[in-house]
Amino acid sequence: MRRYLINTRKTLGYTQEQVAKEIGISQRAYSMIELNQINPSWEVAQRLEKFFGIPAGELLAVEPEQSASQENRRWT
């Protein structure tokens, strides 16, 4: 997941639909970007950067997901 993108959007009080409309893509496409199911085109990444005022590289960074078993092993 792209937690920084999600957190930034929520902190600023925007819905996925609002951001998607402002940057000219569908809400479904925006959701898939947040979930790291698709990567945005360079053009869309630039629009996100301009909209949020944060470098696209930061917004689109992906946090590695840990499986439950990995998490459990870490704490035992």
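**Entry 1: Asn36**

I looked up Asn36 and found it partly exposed, with a relative accessible area of 32%. In these notes buried means under 20% relative accessible area, exposed over 50% and partly exposed in between, with a 1.4 Å probe and protein chains only. Asn36 belongs to the loop between α3 and α4. Helices here are DSSP runs of H or I with at least four residues, strands are runs of E with at least two, and both are numbered from the N terminus. I noted a positive phi of about 60° for Asn36, although it is not a glycine. Most residues other than glycine have a negative phi.

I record the basis of these values here: the model is predicted, local features need pLDDT of at least 70, side-chain atom pairs count only at pLDDT 80 or more, and totals for chains, interfaces and linings use all residues. Residues are numbered from 1 along each chain as its sequence is written, and side-chain values use heavy atoms, with hydrogens and water left out.

**Entry 2: helix α2**

Which residues of α2 are buried? I found Gln16, Val19, Ala20 and Ile23 buried in this helix, which spans residues 16-23. They cover an arc of only 100° around the axis, which puts them on the same side of α2; the arc is that of the directions from the helix axis to the C-beta atoms. An α-helix has 3.6 residues a turn, so residues three or four places apart point the same way. On the face turned away from the buried side of α2 I listed the exposed residues Glu17, Lys21 and Glu22.

I then asked what the buried residues of α2 pack against. The partners are α1 (3-11), α3 (27-34) and α4 (42-52). Contact means heavy atoms within 4.5 Å. Just after α2, I noted Gly24 with a positive phi of about 80°.

**Entry 3: α2 against α3**

I recorded an angle of about 110° between α2 and α3, with their axes 8 Å apart. That makes α2 roughly perpendicular to α3. Axes are lines fitted to C-alpha atoms, for helices over the stretch in contact, and angles run from 0 to 180 degrees between N-to-C directions. Angles under 35 degrees count as roughly parallel, over 145 as roughly antiparallel, 65 to 115 as roughly perpendicular and the rest as oblique.

From α2, the residues Gln16, Glu17, Val19, Ala20 and Ile23 meet Gln27, Tyr30, Ser31 and Glu34 of α3. I sorted the residues of this contact of α2 with α3 into four nonpolar, three polar and two charged. Ala, Val, Leu, Ile, Met, Phe, Trp, Tyr, Cys and Pro count as nonpolar, Asp, Glu, Lys and Arg as charged, and the others, Gly among them, as polar.

**Entry 4: α1 against α3**

The axes of α1 and α3 come within 8 Å and cross at roughly 125°. The contact of α1 with α3 has four nonpolar, no polar and two charged residues.

For α3 I listed Ala29, Tyr30, Ser31, Ile33 and Glu34 as buried. These buried residues pack against α1, α2 and α4.

**Entry 5: Arg9**

Leaving aside its neighbours within four places in sequence, Arg9 is in contact with Tyr14, Thr15, Gln16, Val19, Tyr30, Glu34 and Phe52.

I noted Thr15 as partly exposed, at 41% relative accessibility.

**Entry 6: aromatic rings**

How many aromatic pairs does the structure hold? I found two. The rings of Phe51 and Phe52 have their centres 4.9 Å apart and their planes at 85°, so the pair is edge-to-face. Rings of Phe, Tyr and Trp (its six-membered ring) pair if their centres lie within 6.5 Å; planes under 30 degrees apart count as stacked, over 60 as edge-to-face and the rest as tilted. Ring pairs link Tyr14, Phe51 and Phe52 into a cluster. Phe51 is partly exposed, at 23% relative accessible area, whereas Phe52 is buried, at 8%.

**Entry 7: Leu60**

I located Leu60 in the loop between α5 (56-59) and α6 (68-75). Leu60 counts as buried, at 15% relative accessibility. Leu60 and Met1 are 59 residues apart in sequence and 9.1 Å apart in space, C-alpha to C-alpha.
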